[in-house]
Amino acid sequence: MSDFYHGGSRELQDRFDTRRLADRIEQRLVVDHIGDTDRAFIESRDMFFLATTDTDGLPSCSYKGGDPGFVRVVDARTIAFPSFDGNGMFLSMGNVLQTRKVGLLFIDFEKPRRLRLSGEASISLDDPWLQQCPEAQFIVRIAVTKVFPNCPRYIHKYALVERSPYVPHAGCSTPVPNWKKSDWASDVLPKDDPAKR
């Protein structure tokens with residue numbers, strides 16, 4: 001019996017006669033480690049989507065972006081990425097503290113490809129890599145449990161127009177987003193927020 005699929009997956013696989021295909025995909029494509037090709041792909045991405053759940057099972061999905069290479073493959077079973085200043089809600093990262101379970105989706109929109117990864121995440125406020133990540137609040141490390149490709153046929157083709165100017169870089173000031181200067185936010189920002197300078 002597969003531990004990859006649950007009753008809901010099996011019900012739909014049987015309804016649409018895809019159980020054999022699903023089992024073959026699990027046998028051939030789902031692994032518990034990151035190989036060289038997947039490592040190169042992950043480390044070339046400048047964004048990914050992060051799925052988390054809280055203790056009640058309420059899901060959250062967030063976009064994480066940076067320069068290519070902001071996600072590091074530490075070893076075949078571990079990845080890490082910096083968490084930068086956001087809107088202060090900490091929905092995804094709060095879920096990590098509660099349940100640790102995460103799913104990541106990496107996409108190449110120019111040469112359609114996508115890769116899914118799942119595992120258990122932890123947050124480190126004193127990770128050795130933190131010193132090399134300007135303006136990162138902490139480092140998220142993920143112990144990988146599953147890695148597998150997804151069919152790319154429905155990926156719409158996009159070209160990169162411009163990288164975000166808000167991605168922190170060593171040796172230069174990161175611009176303050178306009179929303180932090182608005183009336184509804186400016187008086188409740190953290191005491192050391194750059195928008196208060």
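Predicted model: local features only at pLDDT ≥ 70, side-chain atom pairs only at ≥ 80, totals over all residues.
**The cysteines**

Across the whole structure, a search for disulfides finds zero. Cys61 takes part in none, and its nearest cysteine sulfur, that of Cys151, is 19 Å away. Cys151 is likewise in no disulfide; the sulfur of Cys61 is the nearest cysteine sulfur to it. Cys151 is partly exposed, with a relative accessible area of 40%.

**The sheet**

Next, switch to a cartoon view and find the open sheet of seven strands. Going across it, the order is β2-β1-β5-β6-β7-β4-β3, and the pairing is antiparallel. Strands of a sheet pair through backbone hydrogen bonds. Select residues 59–65 for β2 and 72–75 for β3. These two strands stand at the edges with a single partner strand each, so one side of each has no neighbour in the sheet. On average, neighbouring strands here are turned by 35 degrees against each other, with direction ignored.

β3 and β4 form a hairpin, with two residues between them. For one place to look, pick Arg72, which stands opposite Ala80 in β4.

How many of the seven residues of β4 are buried? Six are, so β4 is mostly covered, buried being under 20% relative accessible area. Now step across to β7: β4 and β7 pair in the antiparallel sense over seven bridges.

For the last stop, select Phe4, Val102, Gly103, Arg116 and Ser118. Among the 20 lining residues of the second largest pocket, these lie nearest its centre. This pocket has a volume of about 520 Å³.

Which strands each supply at least two residues of its lining? They are β1 (47–53), β5 (101–108), β6 (113–124) and β7 (136–150). Colour the lining by residue type to see eight nonpolar, seven polar and five charged residues.

Definitions and conventions:
Residues numbered from 1 in each chain as written. Heavy atoms only, no water. 1 Å grid on protein atoms, 1.4 Å probe; cavity = no way out; pocket = protein on both sides within 12 Å on 5 of 7 lines; lining within 4 Å. Points joined across faces, edges and corners; volume = space filled by probe spheres on them. Helix = DSSP H or I, 4+ residues; strand = E, 2+ residues; numbered from the N terminus. Nonpolar A, V, L, I, M, F, W, Y, C, P; charged D, E, K, R; others polar. Disulfide = S-S within 2.5 Å. Buried < 20%, exposed > 50% of the residue type's maximum accessible area, 1.4 Å probe, protein only. Pairing = 2+ DSSP bridges. Axes fitted to C-alpha atoms, helices over the stretch in contact; angles between N-to-C directions.
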